[in-house]
Amino acid sequence: MKVFVRKSMATAVFAAFACSAPAHAQEGGDADGFLSSLWNKTTFNALVRADFSYRTTSFQNPYNQNNMPFQDVDVPRQAYVPPALSTGLVNNALGVLGLPGLTIAQPLDWNVPIPGFSDTVKRSDFIPQNDTEYNYNTLRFTGEMDTKFTQNLRLNIRLRGIYDPEMYDLFDANDVSGLQGGIKGGGGDRYADTGKANLFEAKGRNGRNLNPLEIAGRNYMIDLPTFIVNYKTGPFDFRFGNQQIAWGQAIFFRTFDVANGLDYRRHLVIDRAIEEYEDERVSKIALRGTMQVTDTMIADGFVGKFQPDIVGNPNTPFNVVPAEFYRPLDNYYTGNYDTKIDYGLRLKADFGNWGYQAMAVSRYNPLGVFHWTESGINEGLYGGLLGSIVETSYRLKLPNCGALYNPSTCRMYSSVGEALSHTPFTMAPGGVYSAKEWFSAAAGVRLDGVDALNTAIREYPALQDVFASEVQDPEQAAHLLNTFFLGGGGSIRGNVARDYYRENVFGIGGSYVTSADPSSFLDSIILNAEVQYTPERAYTAHDLSNTPIKSDEYIFTLVAEKWYRYTESFPAAYLVVQYQHRTDSDLVGLNLRGYGGNVRNQEYRQSKGIGSADYFVFAGFQPTPNRKFVFEWAFLADAEGGLLVQPNVRWNPGNDVSVDLFYNYVDAGAWGSGRSTLQRAFDYADELSLRFTYTL
């Protein structure tokens with residue numbers, strides 16, 4: 001709810017501006033009353049808001065350092081002879097004996113244990129467990145100014161400031177500086193550069209802000225989500241500046257709402273659902289033009305600067321990227337994506353009870369594609385005797401590269417550390433400590449632990465230089481991983497990057513308003529059907545390959561909404577039922593091929609994927625008389641078994657104050673196994689949220 005700010009509250013600002021104006025302006029420059037007239041054509045509104053979310057479950061975010069899988073569980077690790085190393089030693093011995101023709105061409109399997117090189121690891125011995133009671137706490141100010149210069153020209157500016165008082169214990173990289181050399185920054189604005197978890201800064205690989213109209217620090221941000229010059233003339237309406245282009249208006253679903261990306265930093269996608277991503281859309285600098293073609297048809301188009309989705313940083317309350325990885329290295333600037341343009345056109349028409357719309361958009365997918373990348377961090381092994389053996393073996397093959405390894409693939413790095421700098425892996429604390437943790441973390445973010453390991457070895461040959469070789473099954477993968485964890489002296493951190501791909505999105509839709517007896521529930525139901533088709537859409541591969549998955553995707557959405565008055569003593573209630581079918585991705589755009597992995601009963605189940613995704617929504621609200629209270633609800637069900645339930649009560653006590661009390665109940669496995677649902681990504685987020693809003 002917004003109301004105009006009383007002019008007296010802004011008088012001081014205007015007076016300061018007037019006093020700073022040139023003398024001639026103060027003395028006579030405003031004789032024609034231009035400034036005072038402009039002031040009278042300017043309106044202000046503003047609000048201050050406080051949000052608090054209290055965790056009501058024992059589960060915490062499993063993607064953050066203090067709550068990782070197997071955090072407080074003893075996990076055995078055993079080292080195995082690297083097949084590439086043993087093969088090289090045999091070949092070298094055969095060569096010394098003058099029998100080079102008997103060389104072993106293929107490495108042996110990872111099945112020969114090294115006696116005496118085993119241990120039991122518990123993550124909490126290195127990364128202490130914490131118990132955070134709060135999920136989300138922010139204070140914000142939003143102010144808006146609208147100036148109408150002429151009948152046709154106006155300026156609209158909205159400023160947003162958010163501060164997080166940090167009522168939770170955030171992970172600090174400095175706390176593990178004495179382990180394995182600490183968490184190295186290594187450039188690219190990794191979170192180790194600041195030590196403590198960074199709540200708001202969103203930067204590219206070169207350290208520049210992803211959002212050009214944002215100033216952010218570790219626990220605050222200030223931005224301009226709206227900065228628009230609006231010009232209207234005849235049937236034309238032009239808007240230029242930073243803006244949201246909301247073509248779709250559905251709860252949780254975004255079939256036509258493709259112009260803007262989403263910002264996941266604040267409350268992920270579990271904020272007040274009825275607001276339809278209003279606070280999550282990433283504004284973009286764009287020119288938007290609307291034309292009233294006929295009395296019943298409009299054309300709406302835009303050309304704008306590409307802006308990506310913004311994901312939460314590691315160890316923040318709603319982070320969704322496992323913190324065993326460094327902050328993803330975003331290639332938005334280094335890949336010149338900041339110079340790319342999105343553009344699109346939509347036609348919408350109404351004919352009696354029927355409505356039609358169609359769109360065509362060429363854009364860079366704002367979610368992007370994540371993939372393995374070189375770490376750039378030269379850090380050796382800390383694994384005691386085992387690490388020394390690997391280091392020594394590596395150095396022995398340098399003088400005669402090929403004696404212990406295939407000469408056609410041998411690279412002359414000066415050390416294991418330099419070789420590892422050309423791979424996605426870094427020896428550092430706070431990474432993955434065991435094969436079980438590796439498999440569990442991979443499955444949680446829709447990756448296949450075996451395929452991701454093999455892809456890293458295949459696409460980054462420097463791993464082969466340090467005696468890694470592809471594996472055949474989860475058991476061999478576990479042997480390889482635990483060997484490297486032991487040789488590395490504890491844990492290994494991963495490095496990923498994000499790139500973006502252009503796609504063409506096409507959509508058609510139709511609507512119909514039913515007619516029946518005015519007293520019947522079946523009267524005036526608004527039915528909408530929308531279809532989106534995107535050929536060759538690029539997705540993050542379930543093995544984090546540098547080559548993305550590309551496939552044609554179809555999205556089908558059905559919506560039925562109605563205003564219905566149950567009794568004359570209450571205002572009408574709003575009801576909406578929605579269904580969406582997606583052929584290749586989930587609601588946030590991750591490919592379905594990575595679904596289904598899990599670690600259960602000591603057994604790793606690989607990610608086999610699912611064929612499609614189906615979602616159901618039931619939402620609405622019912623005001624009481626005088627709107628003193630508004631009861632809201634939103635249900636999001638995944639056909640595979642996931643459930644999000646969000647009831648809300650809004651209280652309007654008067655005096656420009658409103659209070660929202662809503663609850664998020666999340667169950668990834670309300671039915672079924674829970675391995676293949678959208679809700680698996682935030683199953684920990686059962687919480688009670690309280691929002692205070694004061695409109696100035």
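The following paragraphs lead the reader through a predicted model of one protein chain, from its overall make-up to selected residues.

Because the model is predicted, local features need pLDDT of at least 70 and side-chain atom pairs count only at pLDDT 80 or more, whereas totals for chains, interfaces and linings use all residues. Residues are numbered from 1 along each chain as its sequence is written, and side-chain values use heavy atoms, with hydrogens and water left out.

The protein chain has ten helices and 28 strands; helices (H or I, at least four residues) and strands (E, at least two) are DSSP runs, numbered from the N terminus. Of its 696 residues, 56% are buried, where buried means under 20% relative accessible area, exposed over 50%, and partly exposed in between (1.4 Å probe, protein chains only). The accessible surface of the chain is about 29,000 Å², and carbon and sulfur atoms account for 58% of that surface; such areas come from the Shrake-Rupley method with a 1.4 Å probe, and for residues only the protein chains shown count as cover. Contact means heavy atoms within 4.5 Å. Among the contacts with a separation of 6 or more, 70% are between residues 24 or more positions apart.

The buried residues of α7 include W438, F439 and the run A441, A442 and A443. They pack against β14 (369-372), β15, α8 (449-459), α10 (474-488), β22 (598-600) and β23 (603-605). The C-alpha atoms of V432 and M68 are 9.2 Å apart, although 364 residues separate the two in sequence.

The loop between α7 and α8 holds R446. This residue is not a glycine, yet its phi is positive, at about 65°. Most residues other than glycine have a negative phi. R446 counts as buried because its relative accessibility is 5%. Further along, D448 caps the N-terminal end of α8, with a side-chain oxygen 3.1 Å from the backbone nitrogen of V450. Helix α8 is itself mostly covered, since eight of its eleven residues are buried. Among them are V450, L453 and I457. The cover over the buried residues of α8 includes β14, β15, α7, α9 (462-465), α10 and β23.

A buried charged residue deserves attention next. D614 lies in strand β24 (residues 613-623). D614 is buried but has no salt bridge, and the nearest side chain of opposite charge, that of R582, is 9.8 Å away. A salt bridge is a side-chain nitrogen of Lys or Arg within 4 Å of a carboxyl oxygen of Asp or Glu; Lys and Arg count as positive and Asp and Glu as negative, while His and the chain ends are not counted. The side chain of D614 does make polar contacts, with the side chain of Y579 at 2.5 Å and with that of H581 at 2.8 Å. A polar contact is a pair of N or O atoms within 3.5 Å; within protein, one must be able to donate a hydrogen and the other to accept it, and residues adjacent in sequence count only if both atoms are side-chain atoms. Beyond four places in sequence, the residues in contact with D614 are Y579, Q580, H581, A637, D638 and A639.

Strand β26 (residues 643-654) contains L644, which counts as buried because its relative accessibility is 1%. With neighbours within four places in sequence set aside, the contacts of L644 include F252, I270, Y665 and F682. Q679 is 35 residues from L644 in sequence, and the two are 7.2 Å apart, C-alpha to C-alpha. In the loop between β26 and β27 (657-667) lies D656, a residue other than glycine with a positive phi near 65°.

V48, L139, F141, L159, Y163, I215, Y220, I222 and Y694 form a nonpolar surface patch of about 750 Å². Patches are made of residues with over 30% relative accessible area and no salt bridge: like charges are joined within 9 Å, nonpolar side chains (Val, Leu, Ile, Met, Phe, Trp, Tyr) within 5 Å. Strands β4 (134-148), β5 (153-163) and β7 (220-233) each contribute at least two residues to the nonpolar patch. I222, in strand β7, counts as partly exposed because its relative accessibility is 38%.
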